[in-house]
Amino acid sequence: MQTVNKSNIKKILILICSLAVSLAIILSIYSHNANAQEPYSPSPDTAVAPKGLVEVKMTVIGVDPIKNELETRLQFELKGIYKKGPTYPAQDLLMTVNGANVEDSEISFKEGKPMIVPALKFNLVKGKINNYPFDTHIAKVAISIDPLASIGKQFAPFQLNPVPLEFKFNADVPGFDISYKPMEENSSIFIYIDVSATRSLPVKFFAIVIIVIMWVLSIMALLLALKVMKSGKLPEVGMLSWTGVMLFAFPGIRNSQPGVPPVGTASDFLSFFWTEMIVVVALVIIGSCWLKRYHPPLDD
């Protein structure tokens, strides 16, 4: 009975230490949370009220680090001299954008036609997916709009200058914290921002929980194997079954992490590879003890 109690205490201490380490990692990672929406304020020298502008609303609708893509949707609201209707321009406009799925990086809008664009995709130019669940990915977004001289129409000189822009940003993608940062080149006529996407707090927490679970189960299997080896008794067949099932269950547990990439991530090096080896060692020990100590009954 005393041996059993010591074994239980040892397991409880291992579990407590694992939870303490995981909480320490969480506290160090989440000293500050990413904000999905940030205010945009033009610099003082570009804050002069224009005679018209185009409000550009960007909504991030998807992030795929495996494909290296950030998917967004753009909506427009016209004001002043550029407005014929809420989204109907008073003259032809040309938008230049560095979207990965935009041919020649240009999209034209006709006078009196709604300003509708398909979902735009931007390449993730920074970030390593193998750092999952602690990976951060950055996409660079550049947008400008210029008026086009319509045939048979005369416009005042200011109407052929670059269109003043007002930028609004929104993001609500499950599994990611998304924010943006205006770059030095950003101005009232040229949107140039870095969009940053990191794994959300629930995703990181769940990944850490999976890491702890695999370590606890593998250590329990190893302790059980060592106990069987020292006891000198024939191990039960159920021990072999339990350890064998654990060996093939760990890949499924590993793949249950949200948005996890293929094998080779940081979380794999923190737990999966090592815990699989520990389970294999425990299985070999139990199997060897069973083969060495098993004696089939003699026939009368």
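The following conversation covers helix packing, confidence and some backbone details in a predicted model.

Trainee: What is the average pLDDT of the protein chain?
Mentor: The model is a predicted one. The protein chain has a mean pLDDT of 82, and 79% of the residues score at least 70.

Trainee: And which elements have the lowest and the highest mean pLDDT?
Mentor: The lowest mean, 60, belongs to helix α1, residues 2–29. The highest, 94, belongs to strand β9, residues 191–199.

Trainee: Where is the pLDDT below 50?
Mentor: Residues 30–48 have a pLDDT below 50, and this stretch makes 25 contacts in the model beyond near neighbours in sequence. Where pLDDT is low, the predicted coordinates should not be read in detail.

Trainee: Turning to the helices, at what angle do α2 and α3 pack?
Mentor: Helix α2 (residues 201–231) packs on helix α3 (residues 237–255) at about 160 degrees, and their axes are 11 Å apart. Because angles over 145 degrees count as roughly antiparallel, α2 is roughly antiparallel to α3.

Trainee: Is that crossing left-handed or right-handed?
Mentor: The crossing of α2 with α3 is left-handed.

Trainee: Which residues meet there?
Mentor: From α2 the contact involves I210, M214, L217, S218, M220, A221, L224 and V228. From α3 it involves M239, W242, M246, F250 and I253. Of the residues in this contact of α2 with α3, 12 are nonpolar, one is polar and none is charged.

Trainee: How do α3 and α4 cross?
Mentor: The axes of α3 and helix α4 (residues 266–293) come within 9 Å and cross at roughly 165 degrees. That angle makes α3 roughly antiparallel to α4. The α3 and α4 crossing is left-handed.

Trainee: Which residues make that contact?
Mentor: On the α3 side, they are V237, M239, L240, T243, G244, M246, L247, F250, P251 and R254. On the α4 side, they are D268, F272, T275, E276, V279, V280, A282, L283, I286, G287 and W290. The residues of the contact of α3 with α4 comprise 14 nonpolar, four polar and three charged.

Trainee: Where does G264 sit?
Mentor: G264 is placed in the loop between α3 and α4. With 21% relative accessibility, G264 counts as partly exposed.

Trainee: What is G264 in contact with?
Mentor: Apart from neighbours within four places in sequence, G264 contacts N130, R254, F269 and F273.

Trainee: What about phi at D104?
Mentor: D104 is not a glycine, yet has a positive phi of about 60 degrees. D104 belongs to the loop between β3 (93–97) and β4 (106–109).

Trainee: And what is phi for S105?
Mentor: S105, also a residue other than glycine, has a positive phi near 60 degrees. The loop between β3 and β4 is the place of S105 as well.

Definitions and conventions. Residues are numbered from 1 along each chain as its sequence is written. This is a predicted model: local features need pLDDT of at least 70, side-chain atom pairs count only at pLDDT 80 or more; totals for chains, interfaces and linings use all residues. Side-chain values use heavy atoms; hydrogens and water are left out. Axes are lines fitted to C-alpha atoms, for helices over the stretch in contact, and angles run from 0 to 180 degrees between N-to-C directions. Helices (H or I, at least four residues) and strands (E, at least two) are DSSP runs, numbered from the N terminus. Angles under 35 degrees count as roughly parallel, over 145 as roughly antiparallel, 65 to 115 as roughly perpendicular and the rest as oblique. A crossing is left-handed if the near helix is turned anticlockwise from the far one by less than a right angle, and right-handed if clockwise. Contact means heavy atoms within 4.5 Å. Ala, Val, Leu, Ile, Met, Phe, Trp, Tyr, Cys and Pro count as nonpolar, Asp, Glu, Lys and Arg as charged, and the others, Gly among them, as polar. Buried means under 20% relative accessible area, exposed over 50%, partly exposed in between (1.4 Å probe, protein chains only). pLDDT is the predictor's confidence in each residue, from 0 to 100.
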